[in-house]
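Hi,

Here is the structure I promised to pass on.

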Amino acid sequence: MTAETDTQTTTVYRVTGMTCGHCEGAVTGEIAALPGVTSVKAVAASGEVTVVSAAPLADEDVRAAVDEAGYELAGRV
């Protein structure tokens with residue numbers, strides 16, 4: 001899911017392998033480091049990661065960040 005406003009884009013991704021708060025923190029930290037990202041909220045229980053950014057992000061960039069954290073990007077919700 002992607003929603004765009006006049007100034008920001010919100011995208012929800014599905015990430016597999018997250019089981020706890022540490023997992024959420026690792027994924028959040030890697031995605032937050034991407035250029036243009038203003039907010040990240042990862043929820044291990046649902047596997048959903050909500051990302052707010054100044055412009056739409058390339059899926060490859062998000063996938064690389066999630067991989068770096070040790071998890072797998074399953075796609076957009």
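Predicted model: local features only at pLDDT ≥ 70, side-chain atom pairs only at ≥ 80, totals over all residues.

Cys-23 is buried, at a relative accessible area of 5%; here buried means under 20%, exposed means over 50%, and partly exposed is anything in between, with a 1.4 Å probe and protein chains only. The areas themselves come from the Shrake-Rupley method with that 1.4 Å probe, and for residues only the protein chains shown count as cover. Cys-20, in contrast, comes out partly exposed at 34%.

Residues are numbered from 1 along each chain as its sequence is written, and side-chain values use heavy atoms, with hydrogens and water left out.

Back to the cysteines. How many disulfides does a search of the whole structure find? The search returns 0 disulfides, where a disulfide is a pair of cysteine sulfur atoms within 2.5 Å. The closest cysteine sulfur to that of Cys-20 belongs to Cys-23, and at 3.5 Å it is too far for a bond.

Next, the salt bridges. The rule asks for a side-chain nitrogen of Lys or Arg within 4 Å of a carboxyl oxygen of Asp or Glu, and by it the count comes to 2 salt bridges.

- One of them joins the side chains of Arg-14 and Glu-48, at 3.7 Å from N to O. Arg-14 lies in strand E2 and Glu-48 in strand E4 (residues 48-53), so this pair ties together parts that are 34 residues apart in sequence. Arg-14 is partly exposed at 31%, and Glu-48 is partly exposed at 26%.
- Asp-59 and Arg-76 form a salt bridge too, with their closest N and O atoms 2.8 Å apart. This pair links distant parts of the chain, 17 residues apart: Asp-59 is in helix H2 (residues 59-69) and Arg-76 in strand E5 (residues 72-76). Asp-59 is partly exposed at 29%, as is Arg-76 at 40%.

For the element names, helices (H or I, at least four residues) and strands (E, at least two) are DSSP runs, numbered from the N terminus.

Arg-14 has its C-alpha 6.0 Å from that of Val-77, 63 residues away along the chain. Thr-11 also sits in strand E2 and is buried at 4% relative accessibility. Which residue is 40 residues from Thr-11 in sequence and 5.3 Å from it in space, C-alpha to C-alpha? That is Val-51. Ala-42, in strand E3 (residues 37-43), is buried at 10%, and its C-alpha is 5.1 Å from that of Glu-24, 18 residues apart along the chain.

Last, the surface charge. Glu-30, Asp-67, Glu-68 and Glu-72 gather in a patch of negative charge. Patches take residues with over 30% relative accessible area and no salt bridge, joining like charges within 9 Å and nonpolar side chains (Val, Leu, Ile, Met, Phe, Trp, Tyr) within 5 Å. Lys and Arg count as positive and Asp and Glu as negative, with His and the chain ends not counted; each charge is placed at NZ of Lys, CZ of Arg, CG of Asp or CD of Glu. Glu-30 itself is in helix H1 (residues 21-32).

Cheers
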